[in-house]
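I opened the model to look up its sheets, the helices packed on them and the aromatic contacts. My entries follow in the order I made them.

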Amino acid sequence: MADQSLGQPMLNLNNVSGLPRLDDLNEYTDWLRQLDITVHDFPYIDSILKQAFAEWRKQISDMPEIGEVDVFLAGCCGEKLLIDSLNPRQLLERSWPSGMEEVIKESLRERKAIAAQKADGVYAAVPVHTRIHGELFAMIGCLMRESCTSEALLFAKMAARLYQTCFYRCFEGMFITDLVRIQQQAKREEQRRSKLFQMVQKLHDKIDVDSVLTEVFERVSNMYPNARLELLMSQDHLSLDPRVKSFQLLGQGDELLVRAFMEGRIQTRNIIDSTGDGESSLEIAVPLSGKQGVYGVFHLRIEREEIDDVDLQLISMLADTAGTAFENAKLYEQSNLLINELRLINELTKRLNQSLRLKEVFQFATEELLSIFQAEYCCISQVNKDTETFEIMSCNVPGLSKEHFPMTYGFSGLVYSTQEPIILSDFQAYGKVTSRFMEETNSRSLITAPLFVRGEVIGVIMLAHRKPRFFSYDNYKLLQVLSSHIGLAIANASLHAEVRRMANRDMLTGLYARHYVDDAIKDFQKRDANGSLIIVDIDQFKQVNDTFGHQTGDKILKQVCSIVKSSIRKTDIAARWGGEELAVYLPGASAENSYEIAETIRLRVAMDTDPPVTVSCGIAEWGKDDEKLSVESLFYVADMALYKAKNNGRNQTQIGSREDAPSL
């Protein structure tokens with residue numbers, strides 16, 4: 001024995017080595033007899049002394065009647081411990097007789113048995129020694145009222161001898177009990193560590209987040225079948241396990257969970273049952289943490305008698321291991337997600353750049369975004385600076401196609417003004433922005449991202465779903481990345497369209513170029529039944545340039561072009577044929593219809609130009625039944641009609657004959 005805990009003697013087994021096998025009884029008995037107490041243990045053996053006295057008293061009670069005897073037990077320094085009478089009819093006083101105190105002091109001083117005759121009887125005191133080193137650790141005293149000194153001394157010696165035997169029996173019993181308890185505790189600890197080791201192996205073999213959490217739940221359920229366990233996650237991790245919940249601080253007892261989450265250490269709290277009988281269960285909050293932070297809190301409630309301090313250490317170690325495994329699985333999951341996102345971005349960029357047609361880019365982007373994010377609705381709008389509106393370029397909601405909205409309207413206006421993306425978990429609960437896109441689709445979840453080109457917002461992407469909290473933060477970040485590539489593809493397609501438009505237009509007048517109208521007429525002649533062509537030429541334009549200068553000549557040319565554009569249909573094509581000659585093709589129009597339009601142009605030019613000029617017009621018509629059907633023949637006939645109008649005095653319109661067409 002070496003120390004004491006809460007007043008209970010504890011055996012020191014650190015110096016016990018070479019324990020014999022328990023199945024060898026003789027060797028074990030011999031080994032046990034070699035155990036003894038020392039003077040260092042004397043201050044802590046009072047409880048064993050009293051226990052041995054009770055055992056001694058039971059054995060004395062079975063002996064024949066030995067008369068009126070009072071028995072006293074004292075410690076190694078003579079301190080009073082117990083007093084008892086072998087005569088059940090004898091009433092004992094609580095205070096010790098002075099004669100007994102004197103005999104015990106003398107016996108301690110002489111270190112031997114002492115007996116003395118007093119007026120009230122014979123007092124005897126006998127030291128009790130350790131069995132190996134013979135150190136005095138207790139005193140047995142007796143008072144015999146009807147006996148001589150020798151008989152009292154003999155009885156006291158026999159009582160001390162029996163008491164020593166009872167003491168060592170209690171001592172050995174306590175030692176064996178502690179030894180068995182320690183062995184059981186060691187075995188239990190070994191089992192716990194074995195379970196922990198197995199769990200560590202299994203957890204670190206997992207690369208799936210849900211598998212890690214499931215393994216933890218199974219291990220805890222196996223170790224503590226009656227425990228209630230849940231995991232409160234601080235992240236937007238979606239799990240099918242009902243025991244995995246969102247960390248929402250709304251109920252009572254949250255301070256325990258918050259403390260575990262904020263401090264990153266296990267927290268416990270005793271739960272008192274409703275009857276007030278005492279502690280009935282223990283509430284435990286254990287953080288699920290890794291090297292990068294705390295991801296959640298395990299919330300455990302278990303019966304108090306089923307758990308001890310060692311279990312708390314095991315649960316803490318289990319949670320630490322689970323946190324590391326969870327973090328590794330999460331990092332693996334994120335690395336795979338990043339790889340897939342890079343592949344997705346690369347593939348999307350390649351496919352977007354395959355087409356330079358703006359309409360195809362918008363349509364393809366809409367289809368891909370719906371597929372990537374599993375969204376139900378997608379809307380891509382573009383800024384129209386001329387009208388200062390958002391134009392819906394592509395949308396799978398029929399009622400919104402080609403719609404125009406003010407640049408301050410809805411979520412598109414909010415994104416345009418802030419130049420920031422938006423993620424909205426529940427549109428119905430938000431209620432701060434009006435949106436036809438969300439209202440007509442009854443959507444609740446929304447993510448948006450601006451389309452940037454050279455730092456300027458040119459449009460907005462909106463993705464929606466009818467379920468609340470459908471889109472994750474990873475979706476939100478991915479859309480921002482994809483929007484930059486989609487914006488670049490739109491800018492390239494727009495630039496390509498602008499280059500084509502500039503190539504097909506005359507820079508001075510804004511009319512189409514000659515090659516464009518040539519190609520257009522070829523296409524019309526392939527699918528239409530007829531059409532007509534007007535060639536308009538400004539009369540004596542060289543004289544205008546010579547008189548007023550070329551700048552005035554350009555001004556007059558623009559005026560005439562403006563009159564032409566305002567006098568024809570939207571389906572008609574006006575082009576600058578060359579110099580001061582203009583060409584107007586009218587799909588499906590007859591020569592008579594063209595004549596009316598040509599006359600309108602001629603009369604308006606004469607009235608609305610400054611300085612005033614006149615024009616001459618030549619008209620040619622084609623039909624499916626023409627033998628000489630070609631663009632060249634059509635222009636030749638119109639040119640011949642124009643030549644006729646010039647020769648007849650200018651400022652007039654002539655219709656050419658199909659027979660004038662040259663043979664090919």
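I took two strands as paired if DSSP finds at least two bridges between them. Helices (H or I, at least four residues) and strands (E, at least two) are DSSP runs, numbered from the N terminus. The model is predicted, so I noted that local features need pLDDT of at least 70 and side-chain atom pairs count only at pLDDT 80 or more, while totals for chains, interfaces and linings use all residues. Residues are numbered from 1 along each chain as its sequence is written, and side-chain values use heavy atoms, with hydrogens and water left out.

Entry 1, a five-stranded sheet.
I looked up the strand order and found an open sheet, β4-β3-β7-β6-β5, with antiparallel pairing. β4 (80-85) and β5 (114-118) are the edge strands; each has a single partner strand, so one side of each lacks a neighbour in the sheet. From one strand to the next the twist averages 15°. Axes here are lines fitted to C-alpha atoms, for helices over the stretch in contact, and angles run from 0 to 180 degrees between N-to-C directions.

I then followed β5 into β6 (residues 121-129): the two are antiparallel and joined by five bridges. Two residues lie between them in a hairpin. A115 has A124 of β6 as its bridge partner, and A116 has Y123.

Which helices pack on this sheet? Helix α2 (residues 46-61) does, touching β3 (69-75), β4 and β7 (136-144), with its direction at about 10° to that of β4. Contact means heavy atoms within 4.5 Å. Helix α3 (residues 98-110) also packs on the sheet; it touches β3, β4, β5, β6 and β7, and its direction makes about 40° with that of β6.

Entry 2, a six-stranded sheet.
I read the order of this open sheet as β15-β14-β13-β18-β17-β16, again with antiparallel pairing. The edges are β15 (404-406) and β16 (422-424), each with a single partner strand, so one side of each is without a neighbour in the sheet. The twist averages 25° from one strand to the next.

I checked strand β13 (residues 377-384) against strand β14 (residues 389-395) and found six bridges in an antiparallel pair. N384 has T389 in β14 as its bridge partner. Helix α9 (residues 410-418) packs on the sheet and touches β13, β14, β16, β17 and β18, its direction making about 140° with that of β18. Helix α8 (residues 358-373) lies across β13, β14, β17 (445-453) and β18 (456-465), and runs at about 145° to β13.

I counted rings of Phe, Tyr and Trp (its six-membered ring) as a pair if their centres lie within 6.5 Å; planes under 30 degrees apart are stacked, over 60 edge-to-face and the rest tilted. By this rule there are 18 aromatic pairs. F405 and Y409 are stacked, because their ring centres are 5.2 Å apart and their planes are at 10°. Ring pairs also link F42, F137, F167, Y168 and F171 into a cluster.

Buried or exposed? I used under 20% relative accessible area for buried, over 50% for exposed and partly exposed in between (1.4 Å probe, protein chains only). F405 is buried, at 13% relative accessibility, and Y409 is partly exposed, at 25%.
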